[in-house]
Amino acid sequence: MITKYQNIELYKKLCHISQLYHGNSCCQNLYIKISNGTISRSYQELLAEFLCHVDNKTLLNCQLVCKRWKILIHSYVWRKKAEMTLNRPHILDTDMPWKAYYMIAKKKPFEKNLMKNHSGEHGVQKYWKIFTNGGDHWKVENPPLGVPPLPKNVPVFEGKEYCFVTSYNNCFKMQLIDLEAEGLSSYVLDVLQPTIVVSEWYSCRWDCPAHYECTVELLRSDNKVMKTFQFHDDIEGDKQNQWLNVSHEFKDYGLGLKKISFYHGGMDKSFWAGHYGSKMAGACVIVKIPENDEHRCEEGDTDTNTDTDTDTDTYKSSNTD
């Protein structure tokens, strides 16, 4: 981490380098090489190495120093900073707009859970829109009652024991993820087509069977559905009193993805007053780092596939004894 003082000193060094080389033949040759999209060693490499280690806000200001710095930062430095953020060199498309690299470096959108308040730590309603609140309504339990503890080897829980629980009539709610606000540009989603993995843990008490549902939709800007994953499970008999996991991967979803809708809920099957319905925790939406050999969606590809994937990648159990 570069401190504010170190940033100032680094900026002074960058300005000194610029003064040393500005206007001479070496710098002129450098400008021509950058314009042609090639990378030389010496001045450009040294400058780029410095620029790759400044913070994002300072780097935005460095773009204003001169045209040559702006070309170098746009054509090379932002991509290297984004790859440093991902800890994966040489995986990003060199044709990406610089703002796409900037958003990756700033927001770090890959390999993290984009769902907020995924298990109810911040209450029932924060970041969620409640559609139905039947019976004795939604509730958060800490720890979950009538079931084993949440799996301890699952990073999303961070050792905490929160879960949502439903009641004796339908309880459903939804969270909407704005992918652009999370740092995923149209270029990343349309061209690189990174895999999107969705998952959640669910359960019910040992003494009362329950019903659980989960629907995840990939949406365009006009809320038109591109792809849908639907899952439902009647949790009865041997399935009770354990945590189960449902997961699904979205691939090759076509052009225009902007938002993801995560909708879940359920109820108990014995209609008991109180909160004996299905429980859910650890809702996850993770965008994977694009691989070099992943599908690249061509500009002319106008895939409007709205197929529904139903009950695939269904569930796995977790023994938490």
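These legends accompany several close-up views of a predicted model. Residues are numbered from 1 along each chain as its sequence is written, and side-chain values use heavy atoms, with hydrogens and water left out. Because the model is predicted, local features need pLDDT of at least 70 and side-chain atom pairs count only at pLDDT 80 or more, whereas totals for chains, interfaces and linings use all residues.

View 1. Let us start with strand S10, residues 279-287. Helices (H or I, at least four residues) and strands (E, at least two) are DSSP runs, numbered from the N terminus. Of the 9 residues in S10, 8 are buried, so the strand is largely enclosed by the rest of the structure; buried means under 20% relative accessible area, exposed over 50%, and partly exposed in between (1.4 Å probe, protein chains only). Two strands pair if DSSP finds at least two bridges between them. Strand S5 (residues 196-203) runs antiparallel to S10 and is joined to it by 7 bridges, with Val197 and Ile286 as bridge partners. Strand S3 (residues 163-165) also pairs with S10 in the antiparallel sense, over 2 bridges, and here Val165 stands opposite Lys279.

**View 2. The largest nonpolar core.** A nonpolar core is a set of buried Ala, Val, Leu, Ile, Met, Phe, Trp, Tyr and Cys residues joined through side-chain atoms within 4.5 Å. The largest one has 60 residues, and Val77 and Ile196 have the most contacts inside it. Helix H5 supplies the largest share of this core, 8 residues. Both domain 1 (1-107) and domain 2 (112-287) give residues to this core, so it lies between them; the domain bounds come from an automatic or database domain assignment. Apart from it lies another core, of 10 residues, including Cys163, Trp201, Trp243 and Ala281.

**View 3. Around Val77 and Cys52.** Not counting residues up to four places away in sequence, Val77 touches Ala48, Leu51, Cys52, Leu59 and Leu72, where contact means heavy atoms within 4.5 Å. Cys52 is buried, at 7% relative accessible area, and Cys214 is buried as well, at 3%. The structure holds 0 disulfides, a disulfide being a pair of cysteine sulfur atoms within 2.5 Å.

**View 4. Helix H6 and its packing.** Which residues of helix H6 (residues 98-107) are buried? They are Ala100, Tyr101, Tyr102, Ile104 and Ala105. These buried residues pack against helix H4 (56-62), helix H5 (67-86) and helix H7 (186-192). After H6 comes Lys108, whose phi is positive, near 50°.

**View 5. Gln175 in strand S4.** Gln175 sits in strand S4 (residues 171-178) and is buried, at 3% relative accessibility. Its side chain reaches the backbone nitrogen of Lys116 at 2.9 Å. Leaving aside neighbours within four places in sequence, the contacts of Gln175 include Leu114, Met115, Tyr127, Trp128 and Phe262.

**View 6. Ser270 in a loop.** Our last stop is Ser270, in the loop between strand S9 (259-268) and S10. Ser270 is partly exposed, with 27% relative accessible area. Not counting residues up to four places away in sequence, Ser270 touches Cys208 and Pro209. The C-alpha atoms of Ser270 and Ala210 are separated by 7.8 Å, although these residues are 60 residues apart along the chain.

Note on methods:
A polar contact is a pair of N or O atoms within 3.5 Å; within protein, one must be able to donate a hydrogen and the other to accept it, and residues adjacent in sequence count only if both atoms are side-chain atoms.
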